[in-house]
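Please work through each task before reading its solution.

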Amino acid sequence: MDAIDRRRSIRRFSDKEIPHEVICKIMESGIKAPSAKNRQPWKFMVIQGQAKEDMLRAFRAGIQREKAGNAMLPDSSRHLGGAEYTVQIMEQAPVVIFVLNPLGKGMYSPLNDEGRIYELCNIQSVSAAIENMLLEATDMGIGSLWICDIFFAYEELCAWMDCGDELVAAVAFGYPEESPPPRPRKKLEDVVVWKR
């Protein structure tokens with residue numbers, strides 16, 4: 001409960017390296033998450049050093065493609081400034097972990113009803129793994145940022161990864177250089193319906 005209360009989205013990291021064993025412990029917490037039918041549909045790609053520079057180049061190329069008018073989501077151009085800010089955050093984070101779904105059908109695959117449910121259940125499972133990782137990191141004094149802006153450069157990042165797995169999210173990890181206050185939360189009565 002303490003880690004749940006203390007977890008924040010961190011956007012300023014120190015350049016202090018995270019020890020290898022700490023990164024492994026964070027991912028081990030991810031694989032302990034519950035998953036639909038125990039499929040464990042997750043895989044992690046740890047990006048550091050020169051690989052991170054290469055990944056950021058791919059990310060920036062995707063943002064430039066979006067700006068040039070060849071946008072995957074044309075109505076989302078108002079969010080490109082946020083995506084550029086995300087690149088800056090990832091640049092300063094010592095570790096970025098791409099979270100993949102090796103069972104994923106892919107962003108552009110048509111799905112029948114059964115396939116859609118299968119995909120949704122796997123994404124729920126991957127999300128549980130990410131949350132476990134965030135809480136473990138918080139417990140160890142590591143800051144984190146769950147990143148979905150990767151979809152602005154989805155094609156470029158998938159080509160850079162060259163692994164064939166479905167990219168679901170990225171998480172930046174590092175020792176925090178900020179301590180933001182809690183963000184506003186909806187009240188329980190605003191989000192809960194009781195049926196008795």
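A pocket is here an open set of grid points with protein on both sides within 12 Å along at least five of seven lines. The model examined is predicted.

**Exercise 1.** Determine what volume the largest pocket has and which residues are closest to its centre.

*Solution.* Step 1: the volume of the largest pocket is about 370 Å³. Step 2: its lining comprises 13 residues, and those closest to the centre are R7, R8, S9, R183 and R185. Step 3: two or more lining residues come from each of the elements α1 (2-6) and α5 (113-139). Step 4: sorted by class, the lining holds 7 charged, 5 nonpolar and 1 polar residues.

**Exercise 2.** Describe the second largest pocket by its volume, its lining and the classes of its residues.

*Solution.* Step 1: the second largest pocket has a volume of about 180 Å³. Step 2: its lining residues include G106, M107, R116, E119, F151 and E166. Step 3: α5 and β4 (166-174) are the elements that each give two or more residues to this lining. Step 4: the class division is 6 nonpolar, 2 polar and 3 charged residues.

**Exercise 3.** State which residues UniProt lists for the domain "Nitroreductase", and give the helix and strand content of that stretch.

*Solution.* Step 1: an unreviewed UniProt entry lists residues 4-175 for this domain. Step 2: over residues 4-175 the chain is 48% helix and 15% strand. Step 3: the end C-alpha atoms of this stretch are 17 Å apart.

**Exercise 4.** Decide whether α3 and α4 are roughly parallel or roughly antiparallel.

*Solution.* Step 1: the axes of α3 (residues 49-67) and α4 (residues 80-92) cross at roughly 175° and come within 11 Å. Step 2: angles over 145 degrees count as roughly antiparallel, and α3 and α4 are therefore roughly antiparallel to each other. Step 3: the contact involves, among others, M55, L56 and F59 in α3 and A83, V87 and M90 in α4. Step 4: the residues of this contact comprise 8 nonpolar, 3 polar and 6 charged.

Technical notes: Residues numbered from 1 in each chain as written. Predicted model: local features only at pLDDT ≥ 70, side-chain atom pairs only at ≥ 80, totals over all residues. Heavy atoms only, no water. 1 Å grid on protein atoms, 1.4 Å probe; cavity = no way out; pocket = protein on both sides within 12 Å on 5 of 7 lines; lining within 4 Å. Points joined across faces, edges and corners; volume = space filled by probe spheres on them. Helix = DSSP H or I, 4+ residues; strand = E, 2+ residues; numbered from the N terminus. Nonpolar A, V, L, I, M, F, W, Y, C, P; charged D, E, K, R; others polar. UniProt positions renumbered as here; feature names shortened; annotations may be inferred. Axes fitted to C-alpha atoms, helices over the stretch in contact; angles between N-to-C directions. Parallel < 35°, antiparallel > 145°, perpendicular 65-115°, else oblique. Contact = heavy atoms within 4.5 Å.
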